[in-house]
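Okay, thanks for coming, everyone.

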Amino acid sequence: MSGEVNIKRLAQELNISIATVSKALNDSYEISLKTKNRVWDLAKQLNYTPNPAASNLRSNKTKTIAVIIPFVANNFFSRAIKGIEEIVRKYGHHVLIYQTHEDIEMEMSFINSLLNGRVDGILTSVSSSEYNGDYYKNLVKKVPLVFFDRVYKNLDAYNVTTDDYEISFDATVHLIECGCKKIAYLYGLENLPAGKARFSGFKDALEAKGLTVDTNLIIKYVNDEEQNLHQISALLSLHQPDALFSSIEEFVIPAYTACKALRFRIPEDIKIISFSNQATAHLLNPALTTITQPAFEIGREAAICLFKILNKKGHGDNQDIILKSTLIKRESTSC
């Protein structure tokens, strides 16, 4: 069949009604994803080009999703974005990415600028600089929003996270079983549920194995690599721990640098374990034992949840979705 490619032609070729094609092209929640994909695939194959301005005016949709994250140049978030994009494309939408650089004022400024209908929904991983739950408590009433990885609890919103408590517990037990008794904790995300859950898992594992938390062996992340290096160097010099448990990957390079400068041999003198999605973890010398989060799957699941909201489905679903992280044992914790 040749000639003009319009909605009528798409309907004829697919043997469905014009109304169904129109609704599918406008991403109506009345049409199944399977049918939408059939319509979208044929439209692409035949180079069907609708009038997007008219279409968007009729549907009041922008076909755009905002993704608000602390950093783009981070292996976890780059993988999460790929997962988000996979789902967003299936629904015929585009992605706008905003990075906050852990600045809560910038984060709120971005979101406030989007509230006038510039996007259909928001996926966000919040800044860790301070707790901002009251702002989001009001926000979730105004705009379709899903939290992933870094979330706020007890809000009427989907949260897509990982098993932070359980995996921290398991990682700490691994260190203890390797003979470590004086484990230092490098504390990040302390204002967020993820950071608190990781520390609780660490603390409870120590207590379960008859050890106690030594506050002298805890340092907290600051947004300055030189200062983090100084903190770790002082910790090693003054207290000689036999292991470092890093709750965020930003501590990894300062930790290795400090150990090298102070001639702490890894893993003979000190063992290191860290939450990290760094693709280069196995290339460090020695290779780093990591707690690796399923970043791609987290992004994918968060996008699925957002489209449930947009398509008015998923009511009554459990809004807390928890995926499993993986402890990957490498040379930095060899027993």
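So, which residues does Thr289 touch, not counting residues up to four places away in sequence? The list is Ile272, Ile273, Ser274, Leu327, Ile328, Lys329, Arg330, Ser332 and Thr333, where contact means heavy atoms within 4.5 Å.

Quick housekeeping before I go on. This is a predicted model, with residues numbered from 1 along each chain as its sequence is written. Local features need pLDDT of at least 70 and side-chain atom pairs count only at pLDDT 80 or more, while totals for chains, interfaces and linings use all residues, and side-chain values use heavy atoms, with hydrogens and water left out.

Back to Thr289. You'll find Thr289 in strand E10, residues 289–292; strands (E, at least two residues) and helices (H or I, at least four) are DSSP runs, numbered from the N terminus. Thr289 is buried, at a relative accessible area of 0%. For that term, buried is under 20% relative accessible area, exposed is over 50%, and partly exposed is in between, using a 1.4 Å probe and protein chains only. One of the residues on that contact list, Thr333, also makes a polar contact with Thr289, side chain to side chain, at 2.7 Å. A polar contact here is a pair of N or O atoms within 3.5 Å; within protein, one must be able to donate a hydrogen and the other to accept it, and residues adjacent in sequence count only if both atoms are side-chain atoms.

Okay, cysteines. How many disulfides do we get? The count comes to 1, taking a disulfide as a pair of cysteine sulfur atoms within 2.5 Å. The partners are Cys178 and Cys335, with their sulfurs 2.1 Å apart, and the link is left-handed, at -45° about the S-S bond. Cys178 sits in the loop between helix H8 (164–177) and strand E6 (183–187), and Cys335 in the segment after strand E12 (326–328), so the pair ties together parts 157 residues apart in sequence. Cys178 is buried at 12% relative accessibility, whereas Cys335 is exposed at 74%.

Last stop, Asp224, in the loop between strand E7 (218–220) and helix H10 (225–239). Asp224 is partly exposed, at 35% relative accessibility, and its side chain reaches the backbone nitrogen of Glu226 at 3.0 Å.
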